[in-house]
Each structure stands twice: as structure tokens, then as C-alpha cells.
Amino acid sequence: MTYEELWTAAQAAATKAGTECRPRPMTVAQHVNPFDRNSAVEYAETVLDGACGFAWVNIRPANGPFARWLKVKGVGRKSYSGGWDVSIHAFDQSHERKAAAARAMATVLRDHGLKAYAYDRLD
């Protein structure tokens, strides 16, 4: 399998996982007194895609053949903690969808012998 085919398969798995993910909706509320949770709610909005966040896949080593191929293609960046990071840009701000996509992408890459790890964080 070429790197192009591998990358296409990893992206397809990420898209499928993120699309099929069903995030828990989140309600954001503004209280009359923001320091008192028992005060009346002035405004509330439900965010169907859940909490906001980020996700990425870290590929090690950063100077490995696949990471170098990604660099030539303009995909990702060198990680501050080592390796090569590829961010999940799809799925707007949905933390759960992005995290599912990163896990699926990392799984495909690992299944083809690469050291790939999924990471995520809330915003």
C-alpha cells in the first residue's frame, strides 16, 4: 500500500468515525448572578454537538518516512513533545466527534505498522 493509499484510508476511517459519533448535547446557561448557580437562568442554549475541543494524531518519529511524506504534502506539523502532529479539522468544534476521528485514524495507521497515537483535549 502506498502512502497516498494509506493516508486516504486513514482519512476515510476518521470521517466515518466522526460522522457516526453521537455526541452528548451540552446546555450552556447564563445565570442572573454568575456567581450563584441557584440564581434564575437568564439565557440557555443547547449545543447539539456537545463540548468544544480539539483532537490530533501524533506519528513517531517525526523524521520517519511517512511523517516526511506528510510534511512534503503540507499535512501536519512537528510536535512540541516529539513526533509529527496531524490535527483533525473536520466536525466544527465537537470534541467527541474530533476525538472519535483521531482514534480511528490512529488505528488505521497503527494497523499498517506506524507508531500513531490519538490525543484530544477540551477547549
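Predicted model: local features only at pLDDT ≥ 70, side-chain atom pairs only at ≥ 80, totals over all residues.
Local features need pLDDT of at least 70 and side-chain atom pairs count only at pLDDT 80 or more, whereas totals for chains, interfaces and linings use all residues. Residues are numbered from 1 along each chain as its sequence is written, and side-chain values use heavy atoms, with hydrogens and water left out.

Helices (H or I, at least four residues) and strands (E, at least two) are DSSP runs, numbered from the N terminus. Helix H1, residues 3-20, reaches 26 Å from its first C-alpha to its last, close to the 26 Å expected at 1.5 Å a residue, the expected span being 1.5 Å times one less than the number of residues. Its buried residues (under 20% relative accessible area, 1.4 Å probe, protein chains only) are Leu 6, Trp 7, Ala 10, Ala 14 and Gly 18. Seen down the axis of H1, these fall within an arc of 95 degrees, taken from the directions from the helix axis to the C-beta atoms, so they line one face of the helix.

The elements against which the buried residues of H1 pack are tabulated here.

| Element | Residues |
|---|---|
| Helix H2 | 65-73 |
| Strand E5 | 84-87 |
| Helix H3 | 95-111 |

Methods. Buried < 20%, exposed > 50% of the residue type's maximum accessible area, 1.4 Å probe, protein only. Contact = heavy atoms within 4.5 Å.
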